[in-house]
Amino acid sequence: MFAPRSSMKALVRALALIALAPSLAGCATLFRNPVPPALTASATIPDMPEVRAWAGRVSPAMDRDLELSLAQESPADFPSGSDGVVRYPHLALSGGGANGAFGAGFLSGWTATGRRPPAFKIVTGVSTGALMAPFAFLGPAYDGALREFYTTVETRDIFAIGSLLVSLLRGDSLADTGPLASLIARHVDAEFLRKIAEAHGRGRRLYVGTVDLDAQQFVVWNMGLIAASGRPEALELFRKVMLASASVPIAFPPVFFDVEAGGQRYDEMHVDGAVAARVFLTGGVFRSSIIRERAGRGVGREDVFVIHNGQLVAPPSPTRRSLRGIATRVLEASSRSAVVGDLFRIYAVTLREQAGFHWVTIAQDVDLTGAEVFDPAKMAELYQVGYEAALAGPLWETDPPGLRWQETAP
């Protein structure tokens with residue numbers, strides 16, 4: 001959820017302090033009721049057992065739901081072309097914290113070009129991308145909401161830092177995300193949830209990723225199915241998934257989900273989806289071409305669009321010869337390397353599915369440093385950078401990093 005450089009520095013400081021924590025008297029573990037390891041794979045959300053899946057495993061529930069989406073979809077959203085082929089645009093939004101302002105601006109600029117698809121078949125998001133994804137899912141009408149969110153919030157609107165010593169001795173994070181939870185609640189209300197459910201009922205799908213720390217696995221949540229469940233707890237669960245996906249571990253507290261397993265109630269501890277994937281498409285839980293064939297809808301083409309809210313290449317700068325300086329630089333490099341891996345993973349899926357592959361990132365020469373973690377002035381600049389990048393075509397990379405050329409989207 002943090003901007004990369006700010007987050008890495010904060011994380012390094014935290015790790016150094018945590019390393020000292022065992023030597024401090026009075027250190028204690030907070031009480032919880034975790035799922036027994038033998039029951040981990042069978043744990044479900046009460047009364048909503050099919051709203052999520054483990055990444056990397058084909059999910060029969062996700063399969064059935066995506067097959068249902070083909071019967072639900074409107075020809076107005078996904079018309080057949082003159083060649084009889086239905087085009088299905090998908091959108092994947094990465095993490096990046098305050099850099100999400102770039103993605104918000106890009107979406108708005110894309111709308112202004114008249115080339116943005118009026119409806120995406122699938123929208124996915126992790127971390128700051130999870131906060132953006134529901135708005136992008138609902139379409140250009142919510143561009144203004146994204147602009148407000150990513151150009152007016154300040155650090156105090158996202159988190160509050162208390163006593164570091166108290167956090168080390170009696171807490172599970174360095175900061176309190178009560179402000180972010182309130183911000184999500186203000187934007188995601190019952191009417192917003194109804195619109196998500198309505199779009200889901202028209203055959204579109206919204207997925208958000210978190211990481212279950214107990215299972216140490218990436219979890220794909222079917223947000224539209226949550227919204228359409230009709231359960232009284234659906235709104236709270238929808239908000240909690242968004243918060244969990246943006247909860248950077250150590251910096252922010254984990255989010256706990258009540259689950260059922262073996263006839264008993266337990267809790268699961270979830271954190272930022274970007275811990276496992278900086279951006280994702282299917283999470284390995286379904287294969288859309290097979291589902292279309294099974295449903296008798298094999299004549300279709302997918303076009304995948306990835307917006308990376310960050311930079312793959314950082315401006316060179318000397319590394320300080322210190323533990324903190326070296327650790328910070330290693331974490332920054334590891335983060336960028338993870339994004340490259342995710343792009344190649346999505347590219348591999350598009351090759352297998354014979355789908356289009358398009359992605360965009362923030363140019364190397366753009367300064368991402370703000371006066372604070374969430375600096376409205378810097379975010380407004382990044383929003384404009386994204387807006388102008390989209391107006392330029394938009395120009396998309398069509399091969400993964402290292403094998404690049406650009407094309408203007410049709």
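Which residues are linked with Arg194 in a network of salt bridges? In this predicted model, where residues are numbered from 1 along each chain as its sequence is written, local features need pLDDT of at least 70, side-chain atom pairs count only at pLDDT 80 or more, and totals for chains, interfaces and linings use all residues. Side-chain values use heavy atoms, with hydrogens and water left out. The network joins Arg194 with Asp77, Glu191, Glu198 and Arg202. A salt bridge here is a side-chain nitrogen of Lys or Arg within 4 Å of a carboxyl oxygen of Asp or Glu, and the structure holds 24 of them.

Some individual pairs are worth a visit. Asp47 and Arg231 meet through their side chains in a salt bridge, at 3.0 Å from N to O. Because Asp47 lies in the loop between α1 (4–20) and β1 (52–54), and Arg231 in the loop between α9 (223–228) and α10 (234–245), this pair ties together parts that are 184 residues apart in sequence. Helices (H or I, at least four residues) and strands (E, at least two) are DSSP runs, numbered from the N terminus. With a relative accessible area of 32%, Arg231 is partly exposed; on this scale, buried means under 20% relative accessible area, exposed means over 50%, and partly exposed is in between (1.4 Å probe, protein chains only).

Another salt bridge joins the side chains of Glu50 and Arg64, at 2.6 Å from N to O. Here Glu50 sits in the loop between α1 and β1 and Arg64 in helix α2 (residues 60–72), and the two are 14 residues apart. Glu50 is partly exposed at 37% relative accessible area, and Arg64 is partly exposed at 45%.

The side chains of Glu353 and Arg287 also form a salt bridge, at 2.6 Å from N to O. Glu353 belongs to helix α12 (residues 323–353) and Arg287 to the loop between β9 (264–272) and α11 (288–294), so the pair ties together parts that are 66 residues apart in sequence. Glu353 is buried, at 9% relative accessibility, whereas Arg287 is partly exposed at 30%.

An α-helix has 3.6 residues a turn, so residues three or four places apart point the same way.
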